[in-house]
Amino acid sequence: MYGSVRIKNMKKPNKTIYYNQDNGIGFDAKYADKLFQAFQRIHLDFEGFGIGLATVQRVIQRHFGKVWAEGKVNEGAILYFTLS
């Protein structure tokens with residue numbers, strides 16, 4: 001069973017990068033471009049409408065930030081974001 005989630009930040013020159021890391025089911029990197037598109041779901045075994053990460057991206061962009069993700073199947077994922 002998966003259960004570990006970490007929320008941290010790292011300092012880079014002129015910015016702070018925040019990230020949320022989990023050890024869940026992850027995702028195949030070839031689908032990374034679909035993660036932030038509304039109504040695009042890459043895991044059909046789970047409930048949802050596919051708008052969660054699209055909403056996250058919209059909020060981050062309204063704060064002049066950037067959001068991106070990395071993941072591996074069955075190894076978890078990391079969601080990064082910056083704010084300006």
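Two strands are said to pair if DSSP finds at least two bridges between them, and helices (H or I, at least four residues) and strands (E, at least two) are themselves DSSP runs, numbered from the N terminus. With these terms, Asp22 stands opposite Ala77 in β4. The structure is a predicted model, in which local features need pLDDT of at least 70 and side-chain atom pairs count only at pLDDT 80 or more, while totals for chains, interfaces and linings use all residues. Residues are numbered from 1 along each chain as its sequence is written, and side-chain values use heavy atoms, with hydrogens and water left out.

The chain contains one helix and four strands, and from the N terminus on these elements follow one another in the order β-β-α-β-β. Taken along the principal axes, the box filled by the C-alpha atoms of the chain is roughly 40 × 25 × 20 Å. The radius of gyration is taken over C-alpha atoms, and the globule rule is 2.2 Å times the number of residues to the power 0.38. For 84 residues a compact globule would have a radius of gyration near 12 Å, and the 13 Å of the chain agrees with this.

A residue is called buried under 20% relative accessible area, exposed over 50%, and partly exposed in between (1.4 Å probe, protein chains only). Of the 84 residues in the chain, 24% are buried. Contact means heavy atoms within 4.5 Å, and among contacts in the chain between residues at least 6 apart in sequence, 39% join residues at least 24 apart.

Two of the connections between strands hold an asparagine with a positive phi. Asn14 lies in the loop between β1 (5-12) and β2, and in the hairpin of these strands, which has two residues between them, Asn14 takes a positive phi near 70 degrees. Asn14 is exposed because its relative accessible area is 84%. Asn74 is placed in the loop between β3 (66-72) and β4 (76-82), where the two strands form a hairpin with three residues between them, and the positive phi of Asn74 in the turn is about 65 degrees. Asn74 also counts as exposed, because its relative accessibility is 51%.

Thr82 is in strand β4 and counts as buried, because its relative accessibility is 10%. Not counting residues up to four places away in sequence, Thr82 touches Lys15, Thr16, Ile17, Ile60, Gly65, Lys66 and Trp68. Phe81 also lies in strand β4, but at 24% relative accessibility Phe81 counts as partly exposed. With neighbours within four places in sequence left aside, the contacts of Phe81 are Thr16, Ile17, Tyr18, Ile60, Lys66, Val67 and Trp68. The C-alpha atoms of Phe81 and Thr16 are separated by 8.7 Å, although these residues are 65 residues apart along the chain.

A salt bridge, in turn, is a side-chain nitrogen of Lys or Arg within 4 Å of a carboxyl oxygen of Asp or Glu. Phe39, Phe49 and Ile51 make a nonpolar surface patch of about 390 Å². Ile51 is found in the loop between β2 (15-22) and α1 (52-62), and Ile51 is partly exposed, with a relative accessible area of 37%.

Notes:
Patch = residues over 30% accessible without salt bridge, like charges linked within 9 Å, V, L, I, M, F, W, Y side chains within 5 Å. Areas by Shrake-Rupley, 256 points an atom, 1.4 Å probe, with all protein chains shown as cover.
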